[in-house]
Amino acid sequence: MDLFLEATITGLATAAILAVAASGLVLTYTTTGIFNFAHGAVGMLGAFAYWQLRFGWGWPAPVALVVVLGVLAPLLGVVIERGVMRGLHDAPETVRIVVSIGLLAALIGVGLWVWPPDVARPLTRFWGNASIDIAGVTVTWHDVAGLVTAAALAVGLRLLLYRSRAGLAMRASVDDRPLAMLNGATPHRSAMLAWAIGCTTAAVAGILVAPSVGLAHVNLALMIVN
């Protein structure tokens with residue numbers, strides 16, 4: 001029974017991180033109709049950017065998180081939407097997939113160029129090895145943070161998509177873009193917001209999972225594909 005509880009809680013902690021990544025992936029797909037194969041690569045860049053600020057340059061963890069999740073990740077989402085995805089809203093599905101896979105390869109290349117793989121970059125868990133006991137199973141506060149983040153994100157995205165004007169505009173732009181525009185919606189702005197939030201959730205997932213799997217470019221970038 002102890003082994004079962006340990007495996008269950010550990011599995012839930014891992015699943016929570018994957019749920020964070022999946023939430024952003026579903027958001028961009030639901031609101032733009034584009035399945036982003038590069039979602040994991042965005043998370044990879046977010047994890048490396050956090051390492052650079054937190055351990056490479058010695059910034060405090062809260063400041064590094066605010067900069068990565070509040071500035072860099074949303075900005076990357078805006079750049080991707082404006083520079084790559086904006087012209088694909090009426091493109092064939094095959095074109096969208098090829099562009100998304102091409103973006104995946106490009107972001108991996110950027111990560112390898114900025115952070116060469118021949119340098120060791122250890123990334124510790126939040127709160128170190130501090131832990132609590134749940135039903136006799138030791139669970140780190142890092143894993144607890146992942147579970148809480150996944151739950152909060154799920155509730156927040158539900159409220160955004162179904163209880164806010166911005167969420168309604170996002171979904172309407174996918175269902176019937178011309179009709180949404182006639183009713184005052186701005187599909188480009190909605191798509192930009194969706195990509196900014198999606199890239200932020202990818203960065204959150206990358207930062208949470210990196211201490212467990214290591215800062216490896218390909219492993220993190222293929223998290224969603226796998």
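A residue is called buried when its relative accessible area is under 20%. In this predicted model, Thr201 comes out at 4% relative accessibility, so Thr201 counts as buried. Thr201 sits in helix α8, which covers residues 187–213. What does the side chain of Thr201 reach? It gets to the backbone oxygen of Gly198, at 2.7 Å. Setting aside neighbours within four places in sequence, Thr201 also touches Val20, Gly24, His39 and Leu153.

One of those partners, Leu153, leads on to helix α5, where Leu153 is among the buried residues.

Another of the Thr201 partners, His39, brings in helix α2, made up of residues 39–56. Here the reach from the first C-alpha to the last is 24 Å, close to the 26 Å expected for 18 residues at 1.5 Å a residue. Helix α2 is mostly covered, with 15 of its 18 residues buried. After α2 comes Gly58, and its phi is positive, near 75 degrees.

Next up is the pairing of α2 with α3. Two packed helices are described by the angle between their axes and the distance between the axes. For α2 and α3 (residues 61–85), the axes come within 9 Å and cross at roughly 145 degrees, and the crossing is right-handed. Which residues meet there? On the α2 side they are Val42, Leu45, Gly46, Ala49, Tyr50, Leu53 and Arg54, and on the α3 side Ala61, Ala64, Leu65, Val67, Val68, Leu72, Leu76 and Ile80. Sorted by class, this contact has 13 nonpolar, 1 polar and 1 charged residues.

Finally, there is Ala130, which lies in the loop between α4 (93–114) and β1 (131–134). Is Ala130 buried or partly exposed? Its relative accessible area is 33%, which falls between the 20% and 50% cut-offs, so Ala130 is partly exposed. Leaving out neighbours within four places in sequence, Ala130 is in contact with Thr140 and Trp141. Although Ala130 and Trp141 are 11 residues apart along the chain, their C-alpha atoms are separated by 6.1 Å.

Note on methods. Residues are numbered from 1 along each chain as its sequence is written. This is a predicted model: local features need pLDDT of at least 70, side-chain atom pairs count only at pLDDT 80 or more; totals for chains, interfaces and linings use all residues. Side-chain values use heavy atoms; hydrogens and water are left out. Helices (H or I, at least four residues) and strands (E, at least two) are DSSP runs, numbered from the N terminus. Buried means under 20% relative accessible area, exposed over 50%, partly exposed in between (1.4 Å probe, protein chains only). Contact means heavy atoms within 4.5 Å. Axes are lines fitted to C-alpha atoms, for helices over the stretch in contact, and angles run from 0 to 180 degrees between N-to-C directions. A crossing is left-handed if the near helix is turned anticlockwise from the far one by less than a right angle, and right-handed if clockwise. Ala, Val, Leu, Ile, Met, Phe, Trp, Tyr, Cys and Pro count as nonpolar, Asp, Glu, Lys and Arg as charged, and the others, Gly among them, as polar. A polar contact is a pair of N or O atoms within 3.5 Å; within protein, one must be able to donate a hydrogen and the other to accept it, and residues adjacent in sequence count only if both atoms are side-chain atoms. The expected span of a helix is 1.5 Å times one less than its number of residues.
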